[in-house]
Amino acid sequence: MDNILNQIGIENYIFLSVILFCIGVFGVLYRRNAIVVFMSIEIMLNAINLLFAAFSTYHQDAQGQIFVFFSMAVAAAEVAIGLAILVSIFRNMGTIDVGNLKNLKG
Amino acid sequence: MNTLIAITGLGILCLLFEILNFRKAIIPVTIIGLLAVLGLTYLGYNAPTSYYNNMIVVSKFSSVFTGLFTVLTVFLIALSHDFYEDHQTKISDFIAIKIFMLAGAVAMVSFGNLAMFFLGIEVLSISLYILAASNRLNVKSNEAGMKYFLMGSFASGIILFGICFIYGAMGSFDVAEITEWSRSAELPVWFPIGISLVTIGMFFKIAAVPFHFWAPDVYEGSPTLTTTTMSTLVKVVAIATLYKLLTAMNADLSDAYINIIIVISIASMTVGNIMALKQNNVKRMLAFSGISHAGFMLMTLLSISNSASSLVYYTTAYSLSGIAAFAVILYVCKNKDNEDISNFNGLGKNNPLMAAILAASLLSMAGIPIFAGFFAKLFLFNQVIEAGYLVVVIAAVINSIISVGYYFKLILAMYNKEPNEEAAKTPFVFYAVAVVAILLNIALGLFPSVVLDLLG
Amino acid sequence: MDTNLVLVLLLAPFLGFLFNVFLGKKAGKNVVGIVGTLSVAVSFVITLYLFANASQEPVVINLFDWISIQRFDISFGFLIDQLSILWLLFVTGIGSLIHLYSISYMHDDEKMHSFFAYLNLFIFFMIALVIGSNLLMMFIGWEGVGLCSYLLIGFWYKNQNFNDAAKKAFIMNRIGDLGFLIGIFIVGSLFNTLDFTSLRTTIESAKDVSDLWIAIAALALFIGATGKSAQLPLYTWLPDAMAGPTPVSALIHAATMVTAGIFMLTRLNFLFDMAPSVQNIIAIVGACTALVAATIALVQNDIKKVLAYSTVSQLGLMFLALGLGAYEVAVFHVITHAFFKACLFLGSGSVIHGLHGEQDMRKMGGLKKAMPITFITMLIASLAIAGIFPLAGFWSKDEILMTAFNHSNNKALWVVGSIASIMTAFYMFRLIYLTFFNSFRGTEEQKHHLHESPSLITVPLIILAILSFVGGAISLPGHSWLNDYLAPLFTKVAHEEHTLGSTEYMLMAIATIGALIGIGIAYKKYLKDNTIPSEDAEITGLSKVLYNKYYVDEIYDSVFVKPINLLSDLFREHVEKSLSALVFGLGKVTNEIAIQGKKAHNGSVGFYLFAFVIGVIVILTYLFLQQFFI
Amino acid sequence: MDVTTLLIILLLGAFATYFSGDKWAPKVALLFSLTAFAGAICLLSQYNLGNEISYSKLWIAKPKIYFALQADGLALAMVLLTTALTPIIIFSSFGNTYKNSKAFYALIVFMSFAMSGTFLASDGLLYYIFWELSLIPIYFIALIWGNGDAEERKKAVVKFFIYTLAGSLFMLIAFVYLFQKAGSFLISDLTALNLSSSEQFWIFMAFFLAYAIKIPLIPFHTWQAKVYQKAPTVGTMLLAGIMLKMGLYSVIRWQLPIAPLAAKEYMYVFIGLGIAGVIYGSIVALKQKDLKKLLAYSSMAHVGLIAAGAYTLTLDGLRGAVLQMIAHGFVVVGLFFVAEIIFRRYETRKIAEMGGIRAQSPKFTSMFMILVLASVALPSTFNFVGEFTVLYSLSQVNVWFAILGGTTIILGAYYMLKMFQHIMLGETNAKLFADVTFNEGLALVVVIAVLFFFGLYPKPIMELITPSLENILTQINRFN
């Protein structure tokens with residue numbers, strides 16, 4: 001275990017997950033399709049989970065990994081709700097393009 | 001802890017009642033239950049303890065806010081019956097969701113461990129997503145839900161990231177330990193990043209500029225009762241949590257931090273007030289006013305070590321007047337497709353009492369004396385000037401001058417315009433809630449010590 | 001001397017006023033007249049009583065403290081001494097006569113009761129002015145008589161021109177009053193008292209007071225006097241004041257109120273004696289006024305206007321005397337002038353009455369048969385004012401001229417005074433000739449109604465005529481009762497008696513000759529050649545300037561009144577608007593910002609999130625910079 | 001009995017009026033306001049007997065705020081003014097009928113409650129609260145029962161509210177700052193502070209903003225004329241008669257003693273400002289076409305003089321200012337009532353549409369005339385006493401001030417007489433003008449009686465206010 005971290009170093013894990021996170025962010029920013037946006041958000045969350053795992057190893061402490069389960073569960077619930085809303089939107093508007101959500105503004 | 005369990009149990013009870021066809025009983029029972037919870041909270045207030053190796057820490061602070069949340073929830077639930085009268089079948093769900101939301105809120109203020117904090121915030125948010133979109137067939141409601149969901153989950157992502165960094169820095173989620181280490185050792189660079197990320201997440205929740213964009217849209221789109229919930233309960237929860245978080249994480253904020261808070265609070269006030277000037281939709285207007293109030297509340301962070309009580313006072317005053325105002329708005333905009341100010345024309349003639357209440361609550365928000373809002377501002381200014389940030393106070397004052405502009409737009413509509421149709425009969429509950437809320441508000445103004453001394 | 005007597009003296013006219021105000025309409029005209037007249041007569045009687053057993057020492061009656069200033073209190077009190085008694089005598093005396101006169105004169109007017117009410121009120125305030133024990137008490141009366149003159153000038157209030165005249169009188173007086181007030185302030189702060197008696201003692205004892213300030217105070221007070229007594233430059237209200245009923249002109253604008261200025265200066269002689277520079281100014285102003293007014297009077301055609309300007313010019317002479325420090329002489333002339341000028345006004349009133357309101361002398365003439373008594377009395381009065389031996393005017397005016405002559409080597413003042421008096425003789429007889437001699441120039445039916453006025457009008461005329469005949473007796477050169485009587489008032493040893501030497505006789509001769517010359521010219525022009533003054537339009541050259549009173553009114557109008565009104569318009573139209581625009585502007589700007597801001601909240605989630613991220617980045621970078629580079 | 005009783009009476013009065021219903025509201029309001037006046041008289045006698053009538057009790061422990069009401073001579077004088085004018089004002093409105101009159105009269109009584117509180121409060125925050133409270137009723141009175149086009153009215157009133165609020169909020173900051181220094185809001189503590197001159201300057205300015213807007217001094221007066229014009233006459237009376245006295249009173253009570261150094265240093269500026277107001281107001285009033293606006297500007301001129309007197313920081317100045325406040329309070333109420341009487345007959349406030357009234361209504365004419373004369377400070381009216389004292393104090397500072405300020409007696413006479421001439425005199429008006437009714441007459445007579453009585457015998461008031469003014473002076477001079 002330690003040797004892996006020794007060989008690679010915690011920083012790289014951080015950079016990796018940060019990069020992943022940013023990819024997620026950019027996905028959220030630049031994609032208009034709701035599904036894709038959800039997926040980007042998932043990427044963000046997973047990046048974080050990865051980092052949790054890494055830190056948990058780094059600290060030789062299980063809490064981090066447990067936290068990952070929390071966050072996965074929560075994310076699942078979130079996405080469930082999200083999809084539900086998406087469905088009703090699709091029913092009412094016939095599109096899942098978030099760019100069309102412009103009734104409320106000003 | 002017992003409070004939390006009791007609340008959750010109450011939620012489940014609602015669902016059971018639906019199954020057992022005691023629909024009629026739901027609301028009364030819940031209210032009674034919540035009052036009981038209030039009692040429990042009082043016990044907790046007197047005996048601060050921590051549970052499950054610091055997962056939950058019940059302190060004076062947490063119990064006071066729990067009490068406030070519970071009271072607000074009572075109001076919200078009391079309003080529910082008439083609000084959801086046309087889909088009674090789902091009422092248990094709505095009630096239950098609100099209760100669970102309350103549970104989340106309680107978890108947020110009484111967390112002793114970041115995990116608990118995260119769960120709380122998620123429970124709260126998720127229930128809100130549902131409530132926001134709860135009017136399935138209404139496009140606006142859907143859009144509101146969607147927007148809130150997207151940005152909300154994005155924010156949760158940020159918060160989670162922040163928590164992750166904190167964990168990385170500290171190797172623990174336990175607030176107590178983190179506090180300790182944050183004081184002592186010299187910290188890895190991730191720690192401040194983590195803190196700031198979490199803080200930003202909370203800024204989003206309290207809708208501070210520039211993370212406020214969701215607020216107007218969501219407030220406008222969601223069903224009015226949900227808007228009520230957001231603008232009163234949720235805002236209070238968020239600011240309270242942020243306050244607790246920052247106190248826990250690093251008691252003495254660095255100058256850089258202070259500067260950020262100053263900038264953001266001034267920005268929130270200004271943007272909120274100025275934007276509110278030209279709104280025609282009352283809910284949207286109040287959304288912006290909420291943003292400006294968020295700015296005011298953020299000022300408490302400038303003297304974080306001793307401003308707890310003024311925060312409590314401010315939030316209480318604000319949320320009470322909010323409840324009163326929304327009760328009236330609910331009554332006025334019942335069976336109306338929009339919430340334009342024009343709906344309020346001539347309310348002063350049609351229904352003097354309601355008009356007076358709305359006027360009073362608006363005056364309270366504007367900070368006119370004897371209403372609690374004034375004292376809230378006063379104590380706040382006092383704290384901040386004491387801490388030596390005169391500039392912020394002056395900005396705040398200028399803002400409260402601007403704010404009068406739009407609060408009075410509503411009052412003028414009520415008193416200076418002719419009514420466009422006959423007055424509808426008011427459900428008793430709306431009266432009751434509005435009157436009680438505003439009376440509490442005024443009483444708070446006359447005897448501020450009652451609240452101030454809670455956190456002595 | 002007991003307080004109650006003085007209070008009765010003061011309040012009797014006031015009660016008359018109250019009666020006429022509240023019950024006058026019901027009581028009926030005769031009652032109104034009688035009550036009004038009696039209330040003044042009572043005061044007159046009391047005055048006589050006071051006069052009869054007056055003590056040498058001034059009597060001060062303080063009722064209570066009125067206004068308190070940090071450094072001194074101003075009491076609500078009265079001062080009875082020779083001067084006030086003297087003034088009271090002719091104020092109440094002539095006052096009662098004129099009341100009597102008015103009973104018949106105003107009998108046809110439906111507002112007779114208010115007329116008498118105002119007259120009574122005037123007498124009340126005049127008494128207050130005269131017996132006030134300090135400057136501020138005097139000021140009450142001072143403003144009060146101003147008010148009454150306002151009310152009486154505008155008595156026929158349906159005619160807006162009359163109202164304008166009244167307003168003008170009040171405001172011009174107010175200008176003077178400001179001067180008076182300033183004077184009071186300075187005196188108060190210099191000597192810490194406004195009380196005449198104590199003021200006199202303090203001033204005499206005061207050593208370390210700057211002469212400059214005393215001079216300023218004196219000047220300010222004198223400005224007050226110019227307002228009330230119609231001197232340059234504030235005289236223009238008096239001729240307009242003839243809008244009022246003729247008895248008013250006789251009482252207020254000839255005999256009593258306009259002499260208030262002289263009264264004030266005489267009261268404060270001890271102050272003015274300490275400011276010789278101001279005394280010179282007073283003398284010069286007086287002389288100029290005398291001359292200017294006289295010149296204007298030469299060509300006026302309105303019988304009352306002539307008298308008005310003659311009043312102004314006579315007052316000028318009095319101020320000349322005051323300026324020369326010859327207070328008793330001024331007082332002497334005040335008294336004689338009160339007699340003959342009242343007589344003249346009442347006479348003209350009788351004429352106007354006879355002609356049913358005609359005032360233009362060009363439409364009169366040949367009235368001496370129709371109204372003999374009026375003619376005789378007016379003739380006597382005119383001779384008196386012209387200064388013909390041995391009538392009252394001769395003595396008083398002669399005294400003034402003598403003083404002017406003896407005063408200094410500079411004889412200018414004397415010359416001016418003499419010219420003025422020659423002119424006086426001229427225009428007075430111009431008036432007489434035009435009015436009473438030759439043939440009647442009015443309309444036929446006027447001619448038809450020509451008649452002598454009833455006895456209520458003629459009796460006062462006769463009395464006044466007699467007085468203006470013998471009035472001079474009170475101060476004959478050599479042994480002057482008046483000077484002795486007034487002596488205790490004056491700090492300087494009473495103005496040295498004229499030992500009747502050659503110069504004096506010479507001067508008397510000159511004066512008389514001058515008067516005769518004036519009369520002669522008038523005779524030549526208006527009786528022999530029987531010229532009638534040409535119509536207003538045809539007047540040309542110098543006489544046009546004179547006829548238009550040197551265009552002073554026009555000048556004042558364009559220099560003061562118009563600019564102020566323009567300024568008012570300017571302020572109202574622009575300044576006010578722009579000021580409020582300034583305030584509204586702030587609101588407008590914020591609203592504009594709001595409108596722009598709405599564009600930013602464009603409803604697109606993408607943009608919202610973008611802003612979010614930007615926010616995050618900014619904050620993080622800022623923190624980093626703080627962390628590492630600072 | 002102490003001062004709280006008075007406030008309680010008025011507060012109860014407000015509620016009683018509201019719940020007594022539209023029919024009885026006016027009478028109840030009148031009853032309670034008269035009771036309050038009686039109460040004030042009792043307080044006065046108590047005070048003269050030397051009994052303690054002040055009231056102080058800790059209200060909020062942290063931050064330390066007292067519910068402290070202190071009645072010295074000055075405060076009592078102002079309270080008497082308020083409680084004396086309120087019944088007159090209410091009574092004067094009996095000729096009109098207002099829709100929803102219960103609310104209307106309740107607001108009036110409530111306002112007089114708030115204003116009395118302002119005069120009595122001796123704790124800065126309590127004072128501020130009353131100060132703001134008094135704003136709300138007049139806002140609604142002007143808004144709901146005002147006259148003229150609703151939109152314009154709205155604009156004027158909102159401007160007024162925001163403007164005044166803006167000013168007073170800065171005063172609040174000043175108070176909080178002072179609290180930081182003194183540890184309480186009690187005036188006794190605040191006036192004991194030793195502030196640096198720069199601190200004093202800023203605090204003075206913060207106060208000044210609030211007061212200059214309320215009084216109003218130029219150039220902060222722009223709200224005034226329009227509001228006076230739009231508000232119902234009762235509201236105008238309350239504003240001009242009492243409310244703007246709050247500003248002047250506060251100058252004397254709070255601003256000068258708390259920040260005397262600034263007051264001394266910039267004395268000339270502020271006196272000059274006041275006098276500029278005198279001249280400017282008079283000149284603007286000259287050409288006003290609307291009677292109420294004319295009166296508004298005239299009262300602006302008068303308060304300018306009063307403020308100038310107060311800023312002289314001399315006993316005479318302060319005393320004259322207070323006397324003139326009271327006098328002006330009465331006379332302005334009378335004049336606005338006259339305007340109302342004319343409006344009842346002719347339904348207009350345009351001076352051009354009046355004229356020739358005198359012939360039809362001798363009583364009314366004489367009363368109007370007297371009021372006009374009082375407002376131009378004819379000696380033997382109360383206003384003269386005040387104006388004389390103020391001008392005297394100005395002359396002590398600098399004669400030129402007295403001369404410039406004294407122009408008010410010329411210009412004032414000019415525009416008032418012009419106004420009187422165009423309204424009352426001239427050919428008899430075609431439109432019938434009934435002479436004053438008994439009620440109207442009574443109200444006017446009371447006002448006139450007061451003006452003359454104190455004009456001839458101002459001693460009681462002088463003796464009432466002088467000691468407290470001397471105390472204030474000692475506080476003002478505590479730095480030298």
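This is a predicted model: local features need pLDDT of at least 70, side-chain atom pairs count only at pLDDT 80 or more; totals for chains, interfaces and linings use all residues.
## Two domains in chain B

The C-alpha centres of domain 1 and domain 2 of chain B sit 21 Å apart. Domain 1 of chain B covers residues 1-250, and domain 2 of chain B covers 252-456. Where the two meet, domain 1 of chain B contributes 35 residues and domain 2 of chain B contributes 41 residues.

On the side of domain 1 of chain B that touches domain 2 of chain B, the elements giving two or more residues are helix H3 (60-83), helix H9 (214-221) and helix H10 (224-249) of chain B. H10(B) has the largest share of that side, with 13 residues.

## A helix pair in chain B

Two packed helices are described by the angle between their axes and the distance between the axes. For helix H6 (residues 139-170) of chain B and H9(B), the angle is about 145 degrees and the axes are 8 Å apart. The crossing of H6(B) and H9(B) is left-handed.

Which residues make the contact of H6(B) and H9(B)? From H6(B) come Lys140(B), Ser141(B), Glu143(B), Ala144(B), Lys147(B), Tyr148(B) and Met151(B), while H9(B) brings Trp214(B), Asp217(B), Val218(B) and Gly221(B). By class, the residues of this contact split into 5 nonpolar, 2 polar and 4 charged.

## Where chain B meets chain A

Chain B also touches chain A, with 33 residues of chain B in contact with 32 residues of chain A. Helix H5 (114-132), H6 and H9 of chain B are the elements that give two or more residues to the side of chain B that touches chain A. H6(B) gives the most to that side, with 18 residues. The side of chain B that touches chain A has 18 nonpolar, 8 polar and 7 charged residues.

## Chains C and D

Now for the other chains. There are 5 pairs of chains in contact, and chains C and D share the most contacts among them. By comparison, no contact joins chain A and chain D, and their closest C-alpha atoms lie 25 Å apart. The contact of chains C and D takes 36 residues from chain C and 41 residues from chain D. Strand S1 (59-69), helix H6 (135-153), helix H7 (160-191) and helix H26 (552-600) of chain C each supply at least two residues of the chain C side. H7(C) gives the most to this side, with 14 residues. By class, the side of chain C that touches chain D has 18 nonpolar, 9 polar and 9 charged residues.

Chain C is itself divided into domain 1 (321-547) and domain 2 (559-629). The centres of these two domains of chain C, taken over C-alpha atoms, are separated by 77 Å.

## Core and surface

The largest nonpolar core has 676 residues, and those with the most contacts inside it are Ala327(B), Ala342(C) and Leu248(D). Leaving aside neighbours within four places in sequence, Ala342(C) is in contact with Ile94(C), Ile98(C), Ala250(C), Ala254(C), Ala255(C) and Leu464(C).

Another alanine to look at is Ala432(B), which lies in helix H18 (residues 428-446) of chain B. Ala432(B) counts as partly exposed because 14 other C-beta atoms lie within 10 Å. Ala432(B) and Leu378(B) are 54 residues apart in sequence, and their C-alpha atoms are 29 Å apart in space.

How values were computed. Residues are numbered from 1 along each chain as its sequence is written. Chains are lettered from A and ligands numbered from 1 in the order in which they are written. Two residues are in contact if their C-beta atoms, placed from the backbone, lie within 7 Å. Helices (H or I, at least four residues) and strands (E, at least two) are DSSP runs, numbered from the N terminus. Ala, Val, Leu, Ile, Met, Phe, Trp, Tyr, Cys and Pro count as nonpolar, Asp, Glu, Lys and Arg as charged, and the others, Gly among them, as polar. Domain bounds come from an automatic or database domain assignment. Axes are lines fitted to C-alpha atoms, for helices over the stretch in contact, and angles run from 0 to 180 degrees between N-to-C directions. A crossing is left-handed if the near helix is turned anticlockwise from the far one by less than a right angle, and right-handed if clockwise. A nonpolar core is a set of buried Ala, Val, Leu, Ile, Met, Phe, Trp, Tyr and Cys residues joined through C-beta atoms within 7 Å. A residue is buried if 20 or more other C-beta atoms lie within 10 Å of its own, exposed if 12 or fewer, and partly exposed in between; C-beta atoms are placed from the backbone.
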